[in-house]
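Reader: I am new to this kind of model and would like to learn how to read it. Please take me through a few features, with the general idea before each case.

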Amino acid sequence: MSRWFQWSVVYGLLIAVLPCVAHAQEAKPAETPEQRDARMSWWRDARFGMFIHWGVYSVPAGTYNGKQIDGIGEWIMHNGKIPVSEYRAYAKQFNPVKYDPEAWVKMAQDAGMKYIVITSKHHDGFALFDSKVTEWDVVDATPYGKDLLKPLADACHKHGMPLGFYYSQAQDWNHPGGAAAQGHWDPAQDGSMDEYIKNIAVPQVEEILSNYGKLAILWWDTPKDMTPERASVLFPLTSMQPGIITNNRLGGGYEGDTDTPEQHIPDTGIEGRDWEVCMTMNDTWGFKSYDDNWKSTETLIRNLVDIASKGGNYLLNVGPTSEGLIPDPSIQRLKEIGAWMKVNGEAIYGTTASPFTNLPWGRCTKKLTADGGRLYLHVFTWPADGKLLVPGLKTAVSKATLLAAPGTTLTVETTPQGALISLPSAAPDGISSTIAVDLAGPLQVAQ
Ligand code: FHN
């Protein structure tokens, strides 16, 4: 390869990448690391939130023209190639008369969830709020006829629950010019994406950022065809809500505040970034009447522990029906998680990642101080011989106790391999039992 060719490749790459880098830098709010830490602090402490995917797709609920459509429920219009006018007709059956936002907030709170993020508009373009720039919203297109976000925002504010709005900024299968993952299938969708951004996305983001009081999070999604130019008219709007947290899905080179692994937990967390795993309880985000592939409560709790042990948050989804009901299997699981959190929540909230690389029996989280602090040992596999080795722990232990039995003190021996804790014969919790270990000095671990 000639030197000229090498340079022209490098130069070409720079030309392609520089605008994104420039935008990414512009996107960073002018704040110091300390200010950023202060802004992110509540979110880092929270560790666990509720995601809500709700919209007109809950009417077909996975079935179109008598046929079960493959894929996730909220994608039925796209995957079933449903024409715009036919899809819009479903709105006539979207009548969530059983919607009880205050009960939803309480359900999230009882589950130990510390924030809620709801789809204000998903890829089908349908707004759960009263939008002045379209008739394709809950007020104008449904028999229900009332803004759904307003009472949820009121309930969240009343109960001190931080609220975030998800907004699909690029994909919109109902407004001309909106993007579609695999291209348009109905001429009614054709149009200019720049016009769509200008006439729908920008004013709607302004609406959701101004009409619902304090907002904690703006959750962008699927940056299909989002150029730096398109993103650059949306990002500055976030300054309408000082302190708001945004994710990394706007596109156009904007990295946002959080990384968002979806449906999987990164093996070792994400170094140097705040991150949040979003996950479904079954296999769909939006309600699908026949999706019964529910994860067990054990899986959900262990996921939460695993994520916290790697320093991340868990945003766990519910998909309400068109009547406004959260499905019973979700309610049941949230109750069981809540019961577990009541006992073990201290070992999740406000913790940081494990100092150990591998614990054969479970996971660890920690809350450290300059002269000691606390380790939380999450024991998934209770040792048959009643001895739990904390491998490599060199710091002396001043006290060890079970969160499920705070009065008890466990015996701890210091061995060359680490601290050896004597446990009662039965695990207090078959899913995950927590041992709180108070350190007598600064944490030291031999790896
Ligand atoms: O396409 C969406 C999907 O419907 C869902 O909203 C998830 C949630 O993270 N996000 C997109 C896929 O990444």
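Predicted model: local features only at pLDDT ≥ 70, side-chain atom pairs only at ≥ 80, totals over all residues.

Author: Residues are numbered from 1 along each chain as its sequence is written, and side-chain values use heavy atoms, with hydrogens and water left out.

Reader: Where does the chain divide into domain 1 and domain 2?

Author: Domain bounds come from an automatic or database domain assignment. Here domain 1 covers 4-347 and domain 2 covers 362-439. Their C-alpha centres lie 38 Å apart. In domain 1, R302, E346 and A347 lose the most area to domain 2, together 44% of what that side buries.

Reader: How many salt bridges does the rule find across the interface of domain 1 and domain 2?

Author: A salt bridge is a side-chain nitrogen of Lys or Arg within 4 Å of a carboxyl oxygen of Asp or Glu. The rule finds two across this interface. E346 also forms a salt bridge with R374, where the closest N and O atoms are 2.7 Å apart.

Reader: Which residues touch the most other members of the largest nonpolar core?

Author: In soluble globular proteins, nonpolar side chains tend to be buried together. A nonpolar core is a set of buried Ala, Val, Leu, Ile, Met, Phe, Trp, Tyr and Cys residues joined through side-chain atoms within 4.5 Å. Buried means under 20% relative accessible area, exposed over 50%, and partly exposed in between (1.4 Å probe, protein chains only). The largest core has 95 residues, and W54, Y87, I116, I118, L163, L234 and Y314 touch the most other members. Helix α8 (residues 193-210) gives the most to this core, nine residues; helices (H or I, at least four residues) and strands (E, at least two) are DSSP runs, numbered from the N terminus. Another core, of 20 residues, lies apart from it and includes C364 and L439.

Reader: Is N313 buried or exposed?

Author: N313 counts as buried because its relative accessibility is 0%. N313 lies in strand β10 (residues 313-318).

Technical notes. Buried area = accessible area lost by both parts, 1.4 Å probe.
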